[in-house]
Amino acid sequence: MAAPKPFTLIAELSYQCPLHCPYCSNPVDIGHPKYRGELETEDWIRVFGEARGLGVLQLALTGGEPMLRRDLVQLCAAARDADLYSSLITAGTLFTRERAEALKAAGLDHVQISIQSPDREENDRIGGNRSFEKKIAAARAARELDFPLTINCVLHRQNLDRIEELLDLTLELGAQRLELANTQYYGWAVVNQEALMPTWQQLRRGEEAVKRFRERVGNKVDVLWVLPDFYEDLPKPCMGGWGRTAMVLAPNGDVLPCQAASTIPGLEFANVLEHPLEWIWNESDAFARFRGTGWMQEPCRSCPLGRQEVDWGGCRCQALRLTGDAAATDPVCRLSPNHELVVSARESAQTEEFLYRTTKRPHGSDVGGARASSANYF
């Protein structure tokens, strides 16, 4: 059976970042030597063309912090030339008016700026760096230049109670979209799960606040609100289904079906320096392993709810982390024999202390810097 056509390329231009967010989706071992080298400008440009030829329409320029790339303007121009709709996913701390104007002229289509909290002190504490004022200035610069603007806030126990303030701030900044992205537990969020897991009460209050806001402002701001997996009883189609709609290109050129796929033992990820993107999408083992339904175990294989091609088995990385088997039914599903693992995880979170994202391993052993080719950095 032929592979479906991908819609989105998530280009992780760099794992370097001025912030240290405790829920960052980047690999925990970003200091590993395999991440030291990063793709050169010409490699990214070639891949953008290959992606468009494969059917990709949307390009997310992300990281880390993509604005650390000194060739970002050139990459935005290349995305325009490849007829890709480009979104810059940035913390905003480097999005100055001068650089924003250059990106606009190069053809960048959309800007998404992350805010850790609408409260200045809380924002800076969560991000591990003084950044709030720069983020607000970046959002204002984006709107002054007429960029479509999305505000993204990763929600968790330590900022969910400020959701009404966040909604009002989004309206004040003139953003067209607010993504209330409840924490997904991979990357650094796994390390900090107990400090991030919200309560049912917080989620109910948050959902009610979103409902009131929608009634008040109508379609002026598009608010995305989705319950976190751990508070669902049926899984979501992670990444639209494994190898179905999106691919993630790591800074070193490895191509992954999702940001956390490197945690699955035995998967080998093809690299764009060695293989065409089309071959990687259609033929590589990493993309084929959990694509479709043939790999499914019970109860997924004969799902009584008929959801095999609705949720596509849920999240493989979550299944691995909770059960030790990447092919197991996602424990979020109430039909999973391991569903109690999800229930107990949301009930047992106690700590308030973060372990911040860094180039060191969680237990403190330095595995080297995450430096890339100096030709591409400020």
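**Entry 1: helix α4**

I started with helix α4 (residues 120–127), where Glu122, Asn123, Asp124, Ile126 and Gly127 are the buried residues. By buried I mean under 20% relative accessible area, with exposed being over 50% and partly exposed in between (1.4 Å probe, protein chains only). Helices here are DSSP runs of H or I with at least four residues, strands are runs of E with at least two, and both are numbered from the N terminus.

A note to myself on the ground rules: this is a predicted model, in which local features need pLDDT of at least 70 and side-chain atom pairs count only at pLDDT 80 or more, while totals for chains, interfaces and linings use all residues. Residues are numbered from 1 along each chain as its sequence is written, and side-chain values use heavy atoms, with hydrogens and water left out.

Back to α4: its buried residues pack against α5 (132–144), contact meaning heavy atoms within 4.5 Å. I then checked both ends. At the N-terminal end Asp119 is the cap, with a side-chain oxygen 3.3 Å from the backbone nitrogen of Glu121. After α4 comes Gly128, and its phi is positive, near 70 degrees.

**Entry 2: Gln116**

Next I looked up Gln116, which sits in the loop between β4 (110–114) and α4. Is Gln116 buried or exposed? Its relative accessibility is 2%, so Gln116 counts as buried. Its side chain makes a polar contact with the side chain of Lys135, at 3.2 Å. Such a contact is a pair of N or O atoms within 3.5 Å; within protein, one must be able to donate a hydrogen and the other to accept it, and residues adjacent in sequence count only if both atoms are side-chain atoms. Leaving aside residues up to four places away in sequence, Gln116 touches, among others, Leu19, Tyr23, Cys153 and Asn159. The list also includes Asn123, Ile126 and Gly127, which I had already noted as buried residues of α4.

**Entry 3: aromatic rings**

I found seven aromatic pairs in the structure. Rings of Phe, Tyr and Trp (its six-membered ring) pair if their centres lie within 6.5 Å; planes under 30 degrees apart count as stacked, over 60 as edge-to-face and the rest as tilted.

Trp200 and Tyr231 are an edge-to-face pair, 4.8 Å centre to centre with 80 degrees between the planes. Trp200 belongs to helix α9 (residues 200–217) and Tyr231 to the loop between β7 (222–225) and β8 (246–249), so the pair ties together parts 31 residues apart in sequence. Trp200 is partly exposed at 31% relative accessibility, whereas Tyr231 is buried at 5%. I also noted a cluster of Trp242, Phe290 and Trp295, linked by ring pairs.

**Entry 4: cavities and a pocket**

How many cavities of 30 Å³ or more does the whole structure hold? My search turned up two. On a 1 Å grid over the protein atoms alone, a cavity is a set of points where a 1.4 Å probe fits but cannot get out, and a pocket is an open set with protein on both sides within 12 Å along at least five of seven lines; lining residues have an atom within 4 Å of a point. Grid points are joined across faces, edges and corners, and a volume is the space filled by probe spheres set on the points.

The largest cavity holds about 110 Å³. Of its 15 lining residues, Pro235, Cys300, Cys303, Asp311 and Cys333 are the closest to its centre. The second largest cavity has about 40 Å³, and its lining includes Trp242, a member of the ring cluster above.

Last, I checked the second largest pocket, at about 320 Å³. Of its 22 lining residues, the closest to the centre are Tyr186, Gly187, Val190, Ala260 and Thr263. Helix α13 (residues 316–323) gives the largest share of this lining, four residues.
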